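Hello,

Here is the structure I promised to pass on. Have a look first, and my notes follow below.

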Amino acid sequence: MPTPLKVGDRVRYSSRFCRTIGAVSGFTPQAHGTITNLWGAASDFAEILWDFSGPDGTRRGGAHLSALERCR
């Protein structure tokens with residue numbers, strides 16, 4: 001079983017998540033960043049500082065941990 005993600009981990013959207021939503025190009029499949037905070041009832045959401053700005057022009061974002069994987 002993979003080690004749970006934690007603050008400071010380098011992450012990206014998982015390939016499985018990208019395929020599920022049909023993201024084959026653009027920001028989502030290429031986004032890489034660092035988890036800066038975990039929140040939610042079960043700490044299952046991550047606040048992420050992306051390496052570059054997303055479509056909304058900001059580098060900060062968030063995602064459910066199930067949509068993320070540790071960068072290799």
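Two strands are said to pair if DSSP finds at least two bridges between them; strands themselves (E, at least two residues) and helices (H or I, at least four) are DSSP runs numbered from the N terminus. This is a predicted model, in which local features need pLDDT of at least 70 and side-chain atom pairs count only at pLDDT 80 or more, while totals for chains, interfaces and linings use all residues. Residues are numbered from 1 along each chain as its sequence is written, and side-chain values use heavy atoms, with hydrogens and water left out.

Strand E2 (residues 32-39) runs antiparallel to E1, joined by three bridges, with Arg10 opposite Thr34 in E2. Six bridges join E2 to strand E3 (residues 45-50), again antiparallel. E2 and E3 form a hairpin with five residues between them, and Gly40 in the turn has a positive phi of about 105 degrees.

Now the salt bridges (a side-chain nitrogen of Lys or Arg within 4 Å of a carboxyl oxygen of Asp or Glu): the count comes to five. Lys6, Asp9 and Arg70 are linked in a network of them. Asp9 meets Lys6 at 3.3 Å, N to O, and Arg70 at 2.9 Å.

Best wishes
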